[in-house]
Amino acid sequence: MGASRYYVTTPIYYPSDRLHIGHAYTTTIADSLARWHRLKGDEVFFLTGSDEHGQKIERRAKEAGTSPQAYVDAIVATFKDLWKRLHIQYDDFIRTTEPRHVRVVQEIFQRLEAQGDIYRSQYEGWYCVPCETFWTESRLVDGNCPDCGRPVEWVQEESFFFRLSKYMPRLLEHIERHPEFIQPESRRNEMIQFIKSGVEDLSVSRTTFEWGIPVPGHPGHVVYVWIDALTNYISAAGYLDDPDRFQRLWPADLHLVGKDILRFHTVIWPALLMALDLPLPRQVAGHGWILTETGKMSKSKGNVTDPIELIEEFGADRIRYFLLREIPFGQDGYFSREALIERSNADLSNDLGNLLHRTLSMLHRYQEGVIREPGPEEPLDRELAVLATGAFAAMDAKLQQLALNEALEELWKVIRRGNKYLDQAEPWALARDPAQAPRLARVLYTVAEALRLVALLVAPFLPQTGERIWHQLGLSGSVHQARQDQLRWGLLPAGTVVQKPEPIFPRLERETEEEPAPEPAAAPAPKEAPKAAPASEEVPEITIDEFARLDLRLARVVAAEPVKGADRLLKLQLDLGAETRQVVAGIAQSYKPEELVGRQVVVVANLKPARLRGELSQGMILAASGPDGRLGLVTVQEELPPGSRVR
Ligand SMILES: [Zn+2]
């Protein structure tokens with residue numbers, strides 16, 4: 001497929017306050033799409049910025065005893081800092097106070113006035129003097145200002161108006177002819193209803209404040225937000241400065257906005273573009289809200305949503321992954337630390353981190369860390385290769401529908417298949433037989449090559465993770481420089497020396513309070529002797545899929561000691577092959593610590609970590625409980641490598 005051009009925007013954010021997780025959400029989506037198109041080899045222009053004028057800024061600056069420009073300069077610096085920490089790679093950051101933008105706004109205003117699309121009239125409404133704000137009748141509370149509760153007065157202000165109503169029939173026709181123009185579908189219907197209900201001309205200037213772009217030729221008037229802010233999408237693309245570039249970039253492919261400002265982008269903005277005789281953006285997409293727990297923000301409540309704090313605690317990629325994976329585009333999503341930790345442990349630590357760690361560990365254990373010339377390919381290998389090479393097209397199709405969560409799910413199919421492939425191909429068994437060396441080389445090649453593709457495909461969404469996998473695989477250069485042609489199977493050269501595995505997503509501890517229950521061992525050794533439960537009594541049936549959610553692993557006990565002040569608990573260090581874990585088990589009344597060292601046990605490896613008596617327990621070992629409360633640890637007959645899957 002030929003490379004093309006891709007122009008994506010976020011809204012320009014208002015610097016009256018710091019940004020929150022919702023802004024991070026919009027911008028992460030835009031950044032991921034931009035990076036995806038760079039991978040495709042497209043000419044990408046990713047624009048974000050700040051909307052810096054208006055009465056609110058003027059007032060806040062006054063309260064702070066500073067100038068509006070100094071006020072916004074300081075806050076815009078925090079925007080840029082956040083984007084850097086979140087690894088947002090924008091191509092341009094437009095500020096509406098920049099001369100390149102001011103010039104465009106003034107020229108547009110004059111042009112629309114000259115052609116009769118802007119006219120002078122009276123703006124009427126209820127006005128709150130202390131708040132300096134106009135209110136519509138319906139917003140008043142008992143006839144008073146909804147903000148401060150004081151009486152409002154009916155005032156008339158001279159204002160310029162844009163003939164918005166004139167363009168509504170043409171806009172309606174455009175929306176109806178281009179089903180892709182407004183996304184998602186439900187919002188499109190809302191906008192059609194809104195337009196059909198009747199749209200009035202729009203007040204586009206103010207005389208009540210000064211912090212804005214002066215209306216040319218009309219002292220005392222400043223341009224109001226509509227023309228000032230929306231036009232950033234063309235001023236940054238070179239509308240006046242660079243007509244050739246503008247020709248190449250415009251119209252934008254995607255304006256990404258929150259659902260609250262979708263109307264401005266699908267009614268006012270297209271009408272302004274029509275009046276300027278410019279083509280309309282291909283698509284405006286409104287995403288949902290990120291909902292957080294109500295009430296006071298506090299770490300212990302788990303509702304801190306300051307993106308900088310979250311990035312510092314969890315790392316940018318965990319935040320990006322959660323936002324992209326957890327919330328279907330267009331719907332509202334719920335953010336909580338607990339959900340973030342769960343998502344991260346399940347998908348990033350267990351699936352992705354494990355696959356990388358297992359692969360590199362075995363390459364070091366069996367092949368001195370070298371990718372060897374692989375033996376003949378077998379159907380099992382082919383299956384993983386086909387899935388991995390097909391992932392790009394599958395993900396691209398989902399991304400064209402803005403289904404970012406489903407695109408990631410497509411990629412995770414490859415990652416999960418990679419783990420299953422290792423379980424099936426059993427490299428540890430092959431390693432015992434020197435005659436199987438070519439087969440072993442093929443298996444390790446196949447999984448490493450799949451990981452190379454995973455690095456390329458995950459990088460647009462999780463930029464640091466893609467890079468880290470790339471480097472651990474011993475590949476040179478940056479994953480972000482790679483293009484689509486690198487996605488062919490078999491480009492990983494034999495002879496590549498991989499790095500020692502470094503965990504890319506250490507499991508996060510779940511934030512549980514100090515709780516006495518649940519006991520980590522299967523049987524809590526009750527005080528009174530219980531009857532051994534007859535099989536299948538009172539335990540509902542489960543499906544094979546439900547069983548498959550348990551990650552049971554063989555582990556070797558490398559150390560065991562009592563837990564202070566807990567006569568039933570032992571603290572065990574378990575070797576799981578790729579990692580060592582601490583598990584606290586309620587088996588002290590049946591086993592002495594020294595009896596356990598060297599034993600093979602079966603551990604539920606994907607159990608959420610918990611703290612017991614202050615000790616971290618990352619899993620649970622299995623035991624049968626007899627009628628007298630005595631426990632018997634579950635083990636396997638054969639000596640098998642630690643980490644072997646049990647099922
Ligand atoms: Zn008021």
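Good morning. The protein chain averages a pLDDT of 90, and 93% of the residues score at least 70. This is a predicted model, and two stretches call for caution. Over residues 295-302 the pLDDT falls below 50, although this stretch has twelve contacts in the model beyond near neighbours in sequence. The pLDDT is also below 50 over residues 513-538, where 36 such contacts are found.

Strand β1, residues 5-13, runs parallel to β2, and seven bridges join the two. Within this pairing, Y13 stands opposite S50 of β2. Together with helix α1, residues 21-39, β1 and β2 form a right-handed β-α-β unit. β2 also pairs in the parallel sense with strand β3, residues 92-95, over four bridges; here L47 has D92 of β3 as its bridge partner. How enclosed is strand β2? Seven of its eight residues, which span 43-50, are buried, so β2 is largely enclosed by the rest of the structure.

Next, the nonpolar cores. The largest contains 137 residues, of which L411, L451, V454 and A455 touch the most other members. Helix α17, residues 437-458, gives the most to this core, with 15 residues. Leaving aside residues up to four places away in sequence, V454 touches L411, V414, I415 and I469. Apart from this core lies another, of 25 residues, including A555, A560, A578 and L633.

Finally, I draw your attention to helix α13, residues 337-367. This helix has a kink of about 35° centred on G353. Following α13 is E368, with a positive phi near 50°. Thank you.

Notes. Residues numbered from 1 in each chain as written. Predicted model: local features only at pLDDT ≥ 70, side-chain atom pairs only at ≥ 80, totals over all residues. Core = buried A, V, L, I, M, F, W, Y, C linked by C-beta atoms within 7 Å. Buried ≥ 20, exposed ≤ 12 C-beta atoms within 10 Å, placed from the backbone. Contact = placed C-beta atoms within 7 Å. pLDDT = per-residue confidence, 0-100. Bend = angle between axes of the 7 residues up to and from the residue. Pairing = 2+ DSSP bridges. Right-handed = clockwise from strand over helix to strand, strands pointing away.
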